[in-house]
Amino acid sequence: MISLPMYGVRPEQDVRPFWQLLSQQLRRHGVSGVSEQLLWPLDLLQHWRDPTLLLSQTCGFPLVTQLQQQVRLVGVFSYQSPYCSGEYYRSLVVVRDDEQGEQLSDFRHRTVVYNSTNSQSGYNALRVLIAPLAVNGRFFSRRVASGSHYRSIEMIQQRQADIAAIDCVSFALLQRDNPAAVAGLKIIAKTDVAPGLPLITSVTTSEKELIQIRQAIRATVNSPAATSAKAILLINGFSVLPWSAYNVIKQMQEKAAALGVITL
């Protein structure tokens with residue numbers, strides 16, 4: 001089973017050109033069981049935990065809180081966003097540009113929208129940012145789940161919410177492909193950096209297969225034939241990081257909890 005579910009303004013359409021090249025390289029490097037089509041699972045956590053998983057892209061927060069001992073790290077893409085630094089990324093805290101507030105502390109008692117509680121970029125990174133400002137564990141008066149970064153932005157535009165943390169790659173993709181969607185927004189803060197979204201495989205994947213998968217990804221990213229396909233997704237590199245690089249994400253959760261903040 002293979003999926004690449006995490007980025008793209010039009011996910012299936014945007015990912016397909018890159019996947020076609022990657023699937024060729026996976027077969028060329030001897031990886032067996034490469035399907036013709038990518039999966040687009042509704043239950044991502046169940047999908048990531050499947051022992052037959054060959055390759056997928058998860059988020060750093062579920063990686064360190066729910067997927068340990070169940071997956072192996074393959075690596076991480078780096079992206080062409082002005083807010084990324086190599087394989088590290090951050091979130092942008094956005095509000096409507098007609099708001100008088102210019103910093104996070106100005107948005108106490110407002111409505112925050114987030115994509116999901118198991119998101120590093122939309123939830124955990126913002127939680128640790130507001131923790132020093134919280135009183136009795138609370139900063140915002142109301143919190144709303146949207147299901148996606150793009151929906152969070154829509155809810156702010158439609159005045160159903162006031163503030164959100166948006167993953168900087170998602171923001172850059174939307175800014176390029178649908179600039180009207182981010183018109184009327186301003187950035188009032190940036191979260192600390194963390195390693196980007198990890199590529200994973202099942203813990204049952206052998207060391208030989210893991211090496212082959214990494215070789216195939218590198219070959220795809222370094223291929224001149226992939227220039228256009230990479231540009232669609234803003235991919236510009238591939239790195240292998242150790243598990244310890246993702247400890248910073250768990251430390252963000254623990255830092256917020258130490259200040260009494262368990263939820264947004």
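Predicted model: local features only at pLDDT ≥ 70, side-chain atom pairs only at ≥ 80, totals over all residues.
Two or more residues of the lining are given by each of the elements α2 (44-49) and α5, and it is α2 that supplies the largest share, three residues. When the lining of the largest pocket is divided by class, 14 residues are nonpolar, 10 are polar and one is charged.

The second largest pocket has a volume of about 190 Å³, and its lining consists of Glu12, Val15, Arg16, Trp19, Gln20, Ser23, Arg27, Glu36, Gln37, Leu38 and Trp40. By class, the lining of the second largest pocket comprises four nonpolar, three polar and four charged residues.

Helix α5 (residues 149-157), which contributes to the lining of the largest pocket, also lies across β4, β7 and β8, and runs at about 140° to β7. These three strands form an open sheet in the order β7-β4-β8, in which the pairing is antiparallel. Because β7 (164-167) and β8 (185-190) stand at the edges and have a single partner strand each, one side of each is left without a neighbour in the sheet. From one strand to the next, the twist averages 45°. Between strand β4 (residues 91-96) and β7, the antiparallel pairing extends over four bridges, and Val94 is found opposite Ala164 of β7.

Conventions. Residues numbered from 1 in each chain as written. Heavy atoms only, no water. Pairing = 2+ DSSP bridges. Axes fitted to C-alpha atoms, helices over the stretch in contact; angles between N-to-C directions. Contact = heavy atoms within 4.5 Å. Nonpolar A, V, L, I, M, F, W, Y, C, P; charged D, E, K, R; others polar. 1 Å grid on protein atoms, 1.4 Å probe; cavity = no way out; pocket = protein on both sides within 12 Å on 5 of 7 lines; lining within 4 Å. Points joined across faces, edges and corners; volume = space filled by probe spheres on them.
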